[in-house]
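Me: Take me through this model. I want the criterion behind each label.

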Amino acid sequence: MIVVELRKMFRRPRTWATIAVLNALPLLVAVLLLLTDLAPRAGQGPPFLSAVLRNGALYPLAALAIVLPLFLPIAVAVVAGDSIAGEAQAGTLRYLLARPVGRTRLLVAKLVAVLAFVLVTVVVVAGVGYVIGSTLFDAQPIGGTSVSGTPLTSADLSGRTLLAIGYVAVSMLGVAAFALLFSTLTDSPLGATMGALAVLVASSLLFTLDAASPIAPYLPTRYWLAFVDLFRDPIQWRDITRGLALQGLYVGVLLAAAWANFTTKDITS
Amino acid sequence: MSAVITTSGLVKQYGRLRAVDGIDLDVQAGDVYGFLGANGSGKTTTVRMLLGLVLPTSGEIELLGERMPRAGRRVLPRVGALIEGPAHYGHLSGRENLSLLDAAGRGGSWRTRRRRVDHALDQVGLGGIGRRPVKAYSLGMQQRLGLAGALLRRPELLVLDEPTNGLDPQGISEVRELLLELHRGGTTVFLSSHLLAEVEQLCSRVVVLDRGRLVLQEELATLTAPTGCTVVHTPTPERVRGTLDGRVTSVDGERVIVRGSDPAEVNALLVGAGIPVSGLALERPTLEEVVLAAAGTSPDRVEARP
Amino acid sequence: MRARGHGAARRRVTVGALIAALLALPAVIGALPASDAAVPAAELRSRALATDSLGFSGYAVSAGSLALPVTDQLSSVADLFSNRTSMRVWWRGPADNRVDVVTPAGETGTHRGPGATWTWEYETATATRAAANPLELPAPPDLLPSSLGHRLLSEAVDSELSRIGARRVAGRDTLGLRLTPAAAAASVSRVDVWIDAGTGLPLQVEVVEKGARRPAMDTRFLDLDLAVPAPETTAFTPPPGASVREGREAEVVLEAGRRVRPVELPAELAGLPRRRLDGVPPGIGLYGSGVTLLAVAPVPHDLADGLRNALSASPDAVVDELGTRVAAGPVALMIVQPPGRGPYVLTGTVTLDALASAAGRLPDLVNTP
């Protein structure tokens, strides 16, 4: 079933169009940066973008940081929101369930397919970022500088970049779980996607609000930027472990809710 | 003969509406079963409950001898279904669609998948279909592909909802032939439709639903059995009444109903009296008349309350 | 027939209960009581002051709500008091430590070593070296609960101290020590210092101003590791490609102070006695002690005009014949320029009324440049 879902996902032109669009933004930023040579001021702009002018080897991270706040979660919400509701809207859900495919199995397969999408997307963004960084900017083959101002070897840098790729992928799980839950609640993929995005926007908004600070540690977007902590020296694991635990919690809770809803739901689409 | 579908006291409640209200179905192996009812009479909901898509509020369902929806994993692979029109992934080819559907559930090796898919496509007349995506198919082709999907597993039971929808007259006749052929091969067919002609031509048993209730479940042959009257067509109906006084039950234009189950005897009497007879037949009720008599008005109608 | 509706309801209830249990977990953990110990206030204070050279590392957050109305040259200092600052700290001793102010997209590290302090700013890739100086501008390390606690408690007298129970900070039991300044001029109503029961290290400091219920400054450890960090962690060498410069901010301020012609300041202002500190230019007068401090300095006209404009822009500014004054939380700032006299700047953790009474007693300045 998982193989079937992966085939469906990656044989779909839309999947690749989404990934292509995701890569267009970092490319545009790179070209603009190169033409104007205007680095963002300290404290502004995505992480690592100002450092890219000094070391192109950081561009995969800058590319991730560029797509992380909006583009990547939107893409994930679209794909995950489509997973069940899209089948319902197309009418194929009833044939799948009458085939029969167990509802729990279908839900798990959909989640795995979304995870695969997230991973492929993040890896492609980082890969394209690497190509951009090494062709358009001066890459330092000997390594780079950590955020804390200590030197990093090439091996260090690539190891930590891989960890960052993994962390960003995990960060998207919360959004995916929200979209998947909404996807089981409605027959409209657009509605499910919008629901997940509404959660996302609300979370980003509350995060900036002092009055919401008591709930800030539970916001799904709270620890997204913690991948930067991988490049501090020594690595600051605090937010990373919390981010991983929080995403795990969201996935667990929302998936349980999605499961409880989907397995007892009347399929009338 | 063994029971293929048995339901007892099947109820589905949506809020305050009882979409299905205590239905007892009894479909035997080898039947071509016509499931009739107007729009909104609960047909679709019942079909979905049979397949485990909609969970009943109360009542029991047995499919191929096992309890649904609990035994769905064992039973449903032996059932082919076409539910409310076909649905496919528009960006994939028909062959790819069937292959994905086949791979989605258990049963059947991937080695023989290609053969199964080809065979199903041949059966519905899509054997020569190329790599075109399904979204470029005509309605009739999509309907055929949906049917192929239902036939993919060589099911013992076919549950079909409006299978000839969107087909041209030739297509309808082809599908009818296909179903009859499958039936001869031992497949039980459960045909849900509101096309009475289709049901009349195919089915051996008929069920009629009205507003969630089962109002009729009978052999088609019994329903349309001769009534014991003879229909006489004549340009001079008033002379028939004069000749066969007392036996005429109704006159409608040139159509006269005469008591008596032997048309030859009626004919002899009329011809003997010199009355021209342009047509003569045993009276049989049409399925339409039976259904209308059983079901009353369409639930689509919303009458103004007095 | 299995009762379907019932099964669905049970499934939903189970999942709902699971979610509720998960949501309640943090609240339950937060409500775990801290164990108190009967330690007298004076002893707790001396225990806290004895931890100056204790080695530790951790993660601290300070939240300030002091919007200091200052000019651009000192905006980094102002940010320190008005923002939420996250700090990673490695502490081997007062002269060997490292504090990184962590921002989402970068960090500013302060590495204090023998003789010099390196400041590393990631986003500009700048390493700044500043020689050790007796008078330094407020820097992130000063906001650590340990440093701030030491500083505030060091000059407290026993009569100002009281015990206030216990609480859990950074997962450790702490004992509360409340400092209520005795001076009438004080703008701070109390300082609550939460001191680690095991080691005596201050783990949280809350500064509450008079008339307020919420602290104007709250700094606390979230994580604490009592192992002495490795020397490599606190040391700093500018990485290749970084721009290296010499830091002179403190010197600029001191230089400005030295240019002021010394005037004879009163021995007492607003009820606070004058005090002498090493490195402070004679033109600058420091009064008070502990939590209640007042600084007075005659300033050149142009600097006074700039500051006055900055102060007047604040909606809370009070402008009268004595001068312009404004309070940002417990910190008050005033520009005094009575007609025919040279300008003064007064600032400190005193009330606005205390500032006003001090302003009236300042001597005339002659020949201000």
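Me: Where is Pro100(A)?
Reply: Pro100(A) sits in the loop between α6 (92-98) and α7 (103-136) of chain A. Helices (H or I, at least four residues) and strands (E, at least two) are DSSP runs, numbered from the N terminus. This is a predicted model: local features need pLDDT of at least 70, side-chain atom pairs count only at pLDDT 80 or more, and totals for chains, interfaces and linings use all residues. Residues are numbered from 1 along each chain as its sequence is written, with chains lettered from A and ligands numbered from 1 in the order in which they are written.

Me: What kind of peptide bond joins Arg99(A) and Pro100(A)?
Reply: A cis bond, with omega about 0 degrees. Asp233(A) and Pro234(A) are also joined by a cis peptide bond, with omega about 0 degrees. Pro234(A) belongs to the loop between α10 (189-207) and α11 (237-262) of chain A. Most peptide bonds are trans.

Me: Why are α4(A) and α8(A) called roughly parallel?
Reply: α4 (residues 59-67) and α8 (residues 154-171) of chain A pack at about 15 degrees, their axes 10 Å apart. Axes are lines fitted to C-alpha atoms, for helices over the stretch in contact, and angles run from 0 to 180 degrees between N-to-C directions. Angles under 35 degrees count as roughly parallel, over 145 as roughly antiparallel, 65 to 115 as roughly perpendicular and the rest as oblique. The pair is therefore roughly parallel.

Me: What is the hand of the crossing of α4(A) and α8(A)?
Reply: Left-handed. That label applies if the near helix is turned anticlockwise from the far one by less than a right angle; clockwise is right-handed.

Me: Which residues meet where α4(A) and α8(A) touch?
Reply: Pro60(A), Leu61(A) and Leu64(A) come from α4(A), and Thr161(A), Ala164(A) and Val168(A) from α8(A). Contact requires C-beta atoms, placed from the backbone, within 7 Å. By class, five residues are nonpolar, one is polar and none is charged. Ala, Val, Leu, Ile, Met, Phe, Trp, Tyr, Cys and Pro count as nonpolar, Asp, Glu, Lys and Arg as charged, and the others, Gly among them, as polar.

Me: What makes chain A as compact as a globular protein of its length?
Reply: Chain A has 11 helices and two strands. Its radius of gyration is 20 Å, close to the 18 Å that the globule rule gives for 269 residues, so chain A is as compact as a globular protein of that length. The radius is taken over C-alpha atoms, and the rule is 2.2 Å times the number of residues to the power 0.38. The C-alpha atoms of chain A fill a box of roughly 60 × 40 × 30 Å along the principal axes. Of the contacts in chain A with a separation of 6 or more, 74% link residues 24 or more positions apart.

Me: Why does Ala125(C) count as buried?
Reply: A residue is buried if 20 or more other C-beta atoms lie within 10 Å of its own, exposed if 12 or fewer, and partly exposed in between. Ala125(C) has 20 C-beta neighbours inside 10 Å, so it counts as buried. Its phi is near 55 degrees, a positive value in a residue other than glycine. Ala125(C) lies in the loop between β5 and β6 (126-131) of chain C.

Me: How do you know that Ala170(C) is buried?
Reply: Ala170(C) has 20 C-beta neighbours inside 10 Å, so it counts as buried. Phi is positive, about 50 degrees, although Ala170(C) is not a glycine. Its loop runs between β7 (161-169) and β8 (172-179) of chain C. Most residues other than glycine have a negative phi.

Me: Is Arg92(C) buried or exposed?
Reply: Buried, because Arg92(C) has 21 C-beta neighbours inside 10 Å. Arg92(C) is in strand β2 (residues 84-93) of chain C. Among the residues it touches are Gly55(C), Asn97(C) and Val228(C), leaving aside residues up to four places away in sequence.

Me: What makes Gly272(B) exposed?
Reply: Gly272(B) has 9 other C-beta atoms within 10 Å, so it is exposed. Gly272(B) lies in helix α10 (residues 263-272) of chain B.

Me: Why is α1(B) described as mostly covered?
Reply: Eight of the eight residues in α1 (residues 43-50) of chain B are buried. Lys43(B) and Arg48(B) are among them. Gly52(B) follows α1(B), with a positive phi near 80 degrees.

How values were computed:
Two residues are in contact if their C-beta atoms, placed from the backbone, lie within 7 Å.
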